[in-house]
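Here are a few friendly notes to read with the model open beside you. Please take the points in order and turn the view as you go.

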Amino acid sequence: MSRIRILLVEDDKNLGMILKAFLDAKGHSATLCANGEEALTALGASAFDLCVTDIMMPVMDGFTLAKQIKTLQPTMPLMFLSAKKEQEDILEGFRLGADDYITKPFSMDELLMRIQAVYRRCASSLSQPSTFQLGSFTFDAPRHLLIQDDKTQKLTSKESDLLLMLCENMGNTLERSKALKTIWEEESYLNARSMDVYITKLRKYFKDDPDVDILNVHGVGFKLVVK
């Protein structure tokens, strides 16, 4: 595994220092920030491969930070690490473009494995030289771009991964279980709900072209159809 440059955002100083020391000891490089505002400053000054952020923080909370990151660097992988365990909070995290959501307390080794898994998946997606013509849209998978005439939509890493799988199975059914295991790495109720949110977002992007549709295949999965 190559060295991952991690933007680590945690307002609990003791936990933050422990996490930073652990990640650095495992061969990665973690920059610790105490809130979202500090994180944005760091983001403007240095390059990062991935962001791991708490949600409940002073000055700027994690959800607000996520919105800013997805505006500034839409393809940056984003993970939430939070004590907020309510389903609505977890789903909100995924709606904001999160690639993973880990609840406290957590295993340090599991966190490391999840960080590495997200990084591998996103790096693989970025390196894949695939472009697809979908009706009036062009999907540039390596750059996570959906282009229609003079309009360009930046996709999150999960949106791009999901659309790429749909494109690779165009006209055929993409099984829910396959997509969950490939993109979310675990077939669970919350991950399935998260995938449904991303399918809804993709459908909204294509709403201006009636020739492009993502169909539900009841009990099985989804099918991308281009007339």
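How many residues does helix 1 have, and how far does helix 1 reach from its first C-alpha to its last?

1. A word on the basis comes before the answer. This is a predicted model, in which local features need pLDDT of at least 70 and side-chain atom pairs count only at pLDDT 80 or more, while totals for chains, interfaces and linings use all residues. Residues are numbered from 1 along each chain as its sequence is written, and side-chain values use heavy atoms, with hydrogens and water left out. Helix 1 (residues 13–25) has 13 residues and reaches 18 Å from its first C-alpha to its last, close to the 18 Å expected at 1.5 Å a residue. The expected span is 1.5 Å times one less than the number of residues. Helices (DSSP H or I, at least four residues) and strands (E, at least two) are numbered from the N terminus.

2. G16, L19, F22 and L23 are the buried residues of helix 1. Seen down the helix axis, these buried residues fall within an arc of 135°, so they line one face of helix 1. The arc is taken from the directions from the helix axis to the C-beta atoms. On the face turned away from the buried side you will find the exposed residues K13, N14 and A25. Buried means under 20% relative accessible area, exposed over 50%, and partly exposed in between, with a 1.4 Å probe and protein chains only.

3. Helix 6 (residues 157–168) is mostly covered, with eleven of its twelve residues buried. Helix 6 reaches 16 Å from first C-alpha to last, close to the 16 Å expected. In helix 7 (residues 176–184), A179, L180, I183 and W184 are buried. Viewed down the axis of helix 7, they fall within an arc of 100°, so they line one face of the helix. E185, with a positive phi near 65°, follows helix 7.

4. **The largest pocket.** Rolling a probe the size of a water molecule over the atoms shows where empty space is left. The largest pocket has a volume of about 360 Å³. Of the 22 residues that line the largest pocket, D100, Y101, R114, E186 and N191 are the closest to its centre. A pocket is an open set of points on a 1 Å grid over the protein atoms alone, where a 1.4 Å probe fits, with protein on both sides within 12 Å along at least five of seven lines; lining residues have an atom within 4 Å of a point. The volume is the space filled by probe spheres set on the points, which are joined across faces, edges and corners.

5. **What lines the pocket.** Helix 5 (108–127) gives the most to the lining, with five residues. Helix 4 (87–95), strand 5 (100–103) and helix 8 (189–205) each supply at least two. By class, the lining has ten nonpolar, four polar and eight charged residues. Here Ala, Val, Leu, Ile, Met, Phe, Trp, Tyr, Cys and Pro count as nonpolar, Asp, Glu, Lys and Arg as charged, and the others, Gly among them, as polar.

6. **Aromatic pairs.** There are five aromatic pairs. In one of them, the rings of F80 and Y101 have centres 5.9 Å apart and planes at 50°, so the pair is tilted. This pair links distant parts of the chain, with F80 in strand 4 (residues 78–82) and Y101 in strand 5, 21 residues apart. Rings of Phe, Tyr and Trp (its six-membered ring) pair if their centres lie within 6.5 Å; planes under 30 degrees apart count as stacked, over 60 as edge-to-face and the rest as tilted. F80 counts as buried at 0% relative accessibility, and Y101 does at 8%. Ring pairs link F63, F80 and Y101 into a cluster.

7. **Backbone spots to check.** Most residues other than glycine have a negative phi, and most peptide bonds are trans. V59 has a positive phi, near 70°, and is exposed at 62% relative accessible area. D149 has a positive phi near 55°, and is exposed at 70%. A cis peptide bond joins K104 and P105, with omega about -5°; P105 sits in the loop between strand 5 and helix 5.
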